[in-house]
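Hi there,

Here is the structure I promised to send over.

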Amino acid sequence: MKPVSFLLAVFVATSGLTLAHSQPVLAAEDSAGKGASILRVVDERAARFSDQTYTASMEIFKSGDLRSTMVFSMSMKNLEKQLISFTAPGDVAGMKILMEDSDTIYMYSPEFKKVRRVAAHMQNQGFLGSEFTPEDMAITKMSATFDATLVGKQGNETQLDLKPKAGKISSFSKLELFIDSTVGGVTRIRYFDGSGNHVRTQVREGWTKFEDSQIPTKIRMKNEKTGDETVISLTGIDVKTPVSDDLFSRRTLMRG
């Protein structure tokens with residue numbers, strides 16, 4: 001089963017980001033320091049709206065063909081607490097995923113009426129046949145997990161290279177993060193495995209303005225080995241209504 005990894009804070013906007021033009025060549029210390037500063041801003045902007053709810057459809061494409069479409073609702077508080085509830089189709093309706101914090105993820109199965117914790121070694125596996133994983137959901141604040149190096153700026157796009165911090169566990173040896181100043185957020189992420197192979201690409205599209213920020217309303221995750229892709233589209237985004245802390249409990253998972 002997947003990791004919520006599947007839902008990132010993937011969806012959270014990194015908005016309002018202003019980046020200065022970088023020099024073509026930077027000393028290693030300068031590029032690392034600037035990269036860390038930019039990544040902290042990315043995290044701050046991702047947390048721009050502490051309470052978020054939305055409805056999403058998840059389309060799973062295999063060999064170019066649409067194989068299945070799932071619908072779920074999402075509630076989030078301060079990025080680190082997330083609750084996903086599937087409503088369609090019938091065979092997944094009632095399934096729920098809870099992230100109490102960045103290290104603790106639970107899943108409720110309506111078929112067995114049981115709650116189980118998602119083991120760490122399972123968090124890099126695709127969820128329900130999708131290209132998203134629970135690990136994606138758990139990486140809410142990237143500066144806590146990755147060291148960043150500023151690669152440079154080309155046009156409106158700034159690139160950071162991220163590598164796991166010492167002592168942090170990740171399925172990926174490197175992430176390439178691309179920030180577009182025209183939308184003020186991360187528009188692409190390229191994932192590399194332990195052998196340095198480019199294995200996944202995430203693209204964030206459909207940027208929509210909310211107050212003084214922009215939020216992506218479509219997220220694509222492509223498997224570069226198979227060509228398979230999963231597309232999540234968001235609707236009914238609410239960043240103003242408070243979300244109760246009580247919602248994020250295992251007791252909630254057991255409710256119908």
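**Salt bridges and what surrounds them**

Arg250 is partly exposed, with a relative accessible area of 44%. Please keep in mind as you read on that this is a predicted model. The side chain of Arg250 meets that of Glu100 in a salt bridge, with 3.7 Å from N to O. This pair links distant parts of the chain, since Arg250 sits in helix H3 and Glu100 in strand E4 (residues 96–101), 150 residues apart. Glu100 is also partly exposed, at a relative accessible area of 24%.

The structure holds 12 salt bridges, and a few others may interest you. Glu157 forms one with Arg188, where the closest N and O atoms are 2.9 Å apart. Here too distant parts of the chain are linked: Glu157 belongs to strand E8 (residues 157–164) and Arg188 to strand E10 (residues 185–192), 31 residues apart. Glu157 counts as partly exposed at 25% relative accessibility, and Arg188 is partly exposed at 27%.

Arg190 forms a salt bridge with Glu176, the closest N and O atoms being 2.7 Å apart. Finally, Lys62, Glu131 and Asp228 are linked in a network of salt bridges.

**The chain as a whole**

The secondary structure comes to three helices and 13 strands. Of the 256 residues, 49% are buried. The chain exposes about 11800 Å², and carbon and sulfur atoms supply 48% of that area. Among contacts with a separation of 6 or more, 53% are between residues 24 or more positions apart.

In soluble globular proteins, nonpolar side chains tend to be buried together. In this model, the largest nonpolar core has 50 residues, and Phe72, Phe86, Leu160 and Leu162 have the most contacts inside it. A second, separate core has seven residues, including Leu98, Tyr108, Val243 and Phe248.

**How some of the strands pair**

Strand E1 (residues 51–62) pairs with strand E2 (residues 65–77) in the antiparallel sense over 12 bridges, and Phe61 stands opposite Leu66 in E2. Two residues lie between these strands in their hairpin, where Ser63 takes a positive phi near 50°. E2 also pairs with strand E3 (residues 81–88), antiparallel over seven bridges, with Ser73 opposite Ser85 in E3. That hairpin has three residues between its strands, and Asn78 in the turn has a positive phi of about 55°.

E1 also pairs with E13 in the antiparallel sense, over eight bridges, and Thr53 stands opposite Asp238 in E13. Strand E12 (residues 213–223) and E13 are antiparallel too, over five bridges. Their hairpin has five residues between the strands, with Gly227 in the turn at a positive phi of about 85°.

Ser244 lies in the loop between strand E13 (229–238) and helix H3 (250–254). A polar atom of the Ser244 side chain is 3.1 Å from the backbone nitrogen of Asp246. Ser244 and Asp51 are 193 residues apart in sequence and 8.9 Å apart in space, C-alpha to C-alpha.

Happy browsing!

Methods. Residues numbered from 1 in each chain as written. Predicted model: local features only at pLDDT ≥ 70, side-chain atom pairs only at ≥ 80, totals over all residues. Heavy atoms only, no water. Helix = DSSP H or I, 4+ residues; strand = E, 2+ residues; numbered from the N terminus. Buried < 20%, exposed > 50% of the residue type's maximum accessible area, 1.4 Å probe, protein only. Contact = heavy atoms within 4.5 Å. Areas by Shrake-Rupley, 256 points an atom, 1.4 Å probe, with all protein chains shown as cover. Polar contact = N/O pair within 3.5 Å; in protein donor to acceptor, adjacent residues only side chain to side chain. Core = buried A, V, L, I, M, F, W, Y, C linked by side-chain atoms within 4.5 Å. Pairing = 2+ DSSP bridges. Salt bridge = Lys/Arg side-chain N within 4 Å of Asp/Glu carboxyl O.
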